[in-house]
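Subject: Structure handover

Hello,

The sequence and structure are below, followed by my notes. Please read them with the model open.

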Amino acid sequence: MSSILVQVIVGGLLLGAVYALFSSGLTLIWGMMNIVNFAHGDFVMLGMYVAFVVWTLLGVGPFLGAPIAALVLATLGIIVYFGLIRSVMKGPMLAQILGTFGLALLLRYSVFWGFGANFMTLPENLVGGTYDVLGIRIQASRLLAGVVALLVTLGLHLLLTRTSLGSKMLAVAEDSTAAQLMGIRPDTMQAIAWAIAAGATGIAGALIATFFYIAPTVGETLGIVAFVTVSLGGFGSVPGALVAGLLIGVIESVSAYWIGAVYKDIVVYSLFLCFLWFRPQGLMGKS
Amino acid sequence: MRFKHVLGLICAASIAVALTGTASAQDKTVKIGAIYPLSGNAASAGVHGKAAIETAIDIINNAHPELGNLPLAKNAGLAGLGGAKVEAIFADNQGSPAVGQNQALRLITEEKVVALSGAYQSGITLTTSAISEKYGIPYVNGESVAASLTERGFKWFFRVTPVASDFAKIYLDFLKDMKAAGAKTDNIAIVHENTEYGTSVASVITSVFKENGLSIAQDIAYSANTTDVQSQVLQLKDKKPDVVIMVSYTSDAILYVKTMQALDYKPPLMMADNAGFSDPSLIKTVGKLAQGIFNRSSFSIGPPGSPTFLINEIYKKKSGDDLDDTAARIMQGFFVLCDAIDRAGSTEPDKIQTALKATDLKPDQLIMGYRGVKFDDKGQNVLASGLVIQLQDGENYIPVWPKDRAKTAPVLPYKGW
């Protein structure tokens, strides 16, 4: 019994790390520009397909697939910024929401058209098998995703707090007119933010693809959790998203095990709403 | 600005003219609405269903004398309507009961279809058929198994597939035979998704088993578009049931198979209730991790040269996959509907309804392994039946039960990977 409970918690932590990983890109965009990117889940989906194509064409796993996915998605991020975001940011809030939502549908159905509706998966043991540590089973692919989630979080955090590029990005986020007066180009900074965020999302997709199914609609399934993770963690707070992801993963796992799988969302979302009642800025967001 | 308005009006007018033009030119086609999940999580099943209907239309609209006694195959078009062609108007239900309902409304009121087929997910068949009932348009379903669908006293709804209670009896008899052969079947767990399909099938299995002195020890409900199923698998691992029955759609079924392998959990006997576990894309992706799973089916491709074999060849060209049980049942439903329209010799809803009620197809007129097609007062096919198949090599399901229809003996215990 108790060993199974440990397994439930370990499983929850690994799941939570994955939530954190695919939320990190969203929190950056959200915090930097006050734009809710509804296409985020579909960015993850694209990362998964890039990993799948890399594996099909070159026969290699995420060690090459993830960097390629990062590059492809970063490029897409820049295109999306200049092609769509820059213009909708001038419009009302509703235009921003519908703009990214339209982008989500465009990406989803393009993939649908190109790859078909069939589900795909990467081979089971692409990233090693499953470790057995004192009776607790840990999948290498999920562990890798967890470790990368920590590294990406740390990397983004250091970038924003310790580098001049990060300071410039934060300056633009704070007050873009003032930043402009200081000689910072808001356009460049925001394009870089989109590239980094989309690139991180690409890495997340490529890693999740090693243990999840790949389908055009997978972004819908994963997208919602990302929004909850980011708002619980605090808008724009990268470490917040990590803590929130882990928390949600463990709560989901434990409540699904103890109370039942159909009730886990009720538990997670009611705790989430209660928390926002007391602390609307999230775990680590600024009030 | 004013010029734009004028231009818009001209465009609208020309589109309207074009639409009425095509409508009158298509007098000799019979339009049938087909509502399936062409996007959303069940899109894989929906796209295969669409290919199955397109195959049926190919067979009906062109002469296929090689297909034996299959109705409508011999000559081109519907003989009863002077060789009229059949056309399917496809609509995407997006996996949502509300969207399905709107599509049914649109097909009936705007596309003026003479009958409807669909909608794969029982929960959506429920809402779409309510619309056809209201408008008095015949609705033939070949694939949704929730018992409730034919318990609503509907006059326009006809269902060709066996239903959950038929399958529950098949599972029961099969498990009894397995018990007689030495397998343990006392402790049964049922894992099901929580929409109309999973909930109703699970409750029917539970009650049929209970009536026969078998109890379900563990009942695990979950949401089909979940991101994770570790906890559910661990619940099973903790209770160690002898038999696990899975009632799942495709995406969740793939997650279960992968998670069971990751957590090293294998029940001694695992059964699936069709749906996700019959999806060709599940077998392609994780079939090798679910070797030995039992499933229900009413379809087998048959020996080379047989009508079902030839139909599979046509289908394969359209979809790239072999005909699976779900797609075959969708196709069978469509054939039954077109056969009724042909016999009615009319596209009047009343006449099609009367013809559907008089349907009496024999086994050699079917592509499915049913004992025939004949509807009771509720619109349910009373001659539907099924068999148990097993994914022994992880690539192809083979009929294993009952003995007289089996190609090979069932293999126990569940092998997994």
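In chain B, strand β3 (residues 115-118) is joined to strand β4 (residues 139-141) by two bridges, and these strands run parallel. Helices and strands here are DSSP runs, numbered from the N terminus: helices are H or I of at least four residues, strands are E of at least two. Two strands count as paired if DSSP finds at least two bridges between them. Within that pairing, B:S117 has B:V140 of β4(B) as its bridge partner.

This is a predicted model, so local features need pLDDT of at least 70 and side-chain atom pairs count only at pLDDT 80 or more, while totals for chains, interfaces and linings use all residues. Residues are numbered from 1 along each chain as its sequence is written, and chains are lettered from A and ligands numbered from 1 in the order in which they are written.

The sheet around β3(B)

β3(B) also pairs with β1(B), in the parallel sense and over four bridges. There, B:I35 has B:G118 of β3(B) as its bridge partner. The whole sheet is open and has five strands, in the order β2-β1-β3-β4-β5 of chain B, with parallel pairing. Its edge strands are β2 (85-92) and β5 (157-159) of chain B, each of which pairs on one side only. From one strand to the next the twist averages 25°.

In a regular strand the side chains alternate between the two faces of the sheet. Both faces of β3(B) are covered: B:A115 and B:S117 are buried on one side, B:L116 and B:G118 on the other. (Buried means that 20 or more other C-beta atoms lie within 10 Å of the residue's own, exposed means 12 or fewer, and partly exposed is in between; C-beta atoms are placed from the backbone.)

Helix α11 (residues 325-344) of chain B lies across β1 (29-36), β2, β3 and β4 of chain B and runs at about 170° to β3(B). Axes are lines fitted to C-alpha atoms, for helices over the stretch in contact, and angles run from 0 to 180 degrees between N-to-C directions.

Backbone points to check in chain B

- The peptide bond from B:G118 to B:A119 is cis, with omega near 5°; B:A119 is in the loop between β3 and α4 of chain B.
- The peptide bond from B:L412 to B:P413 is also cis, with omega near -5°. B:P413 lies in the segment after β12 (398-401) of chain B.
- B:K240 is not a glycine but has a positive phi of about 50°. It sits in the loop between α7 (230-239) and β8 (243-247) of chain B, and is partly exposed, with 13 other C-beta atoms within 10 Å.
- B:N274, likewise not a glycine, has a positive phi of about 50°. Its loop runs between β9 (269-272) and α9 (280-286) of chain B. B:N274 is buried, with 26 other C-beta atoms within 10 Å.

Domains of chain B

Chain B is divided into domain 1 (30-162 + 303-365) and domain 2 (165-297 + 387-405); the bounds come from an automatic or database domain assignment. The domain centres, taken over C-alpha atoms, are 28 Å apart. Their contact takes 19 residues from domain 1 and 21 residues from domain 2, where contact means C-beta atoms, placed from the backbone, within 7 Å. On the domain 1 side, α2 (43-61), α4 (122-135) and α11 of chain B each supply at least two residues. By class, that side has seven nonpolar, eight polar and four charged residues. (Ala, Val, Leu, Ile, Met, Phe, Trp, Tyr, Cys and Pro count as nonpolar, Asp, Glu, Lys and Arg as charged, and the others, Gly among them, as polar.)

Chain A and its contact with chain B

The contact between the chains takes 29 residues from chain A and 35 residues from chain B. In chain A, α1 (2-33), β2 (136-139), α9 (218-233) and α10 each supply at least two residues of the side that touches chain B. α1(A) gives the most, with five residues. That side of chain A has 16 nonpolar, 10 polar and three charged residues.

Within chain A, the axes of helix α5 (residues 140-162) and helix α10 (residues 238-258) come within 8 Å and cross at roughly 155°. That makes α5(A) roughly antiparallel to α10(A). (Angles under 35 degrees count as roughly parallel, over 145 as roughly antiparallel, 65 to 115 as roughly perpendicular and the rest as oblique.) A:A149, A:T153, A:L156, A:H157 and A:L160 of α5(A) make the contact with A:V238, A:P239 and A:L242 of α10(A). By class, this contact has six nonpolar, two polar and no charged residues.

Regards

Note on methods: Contact = placed C-beta atoms within 7 Å.
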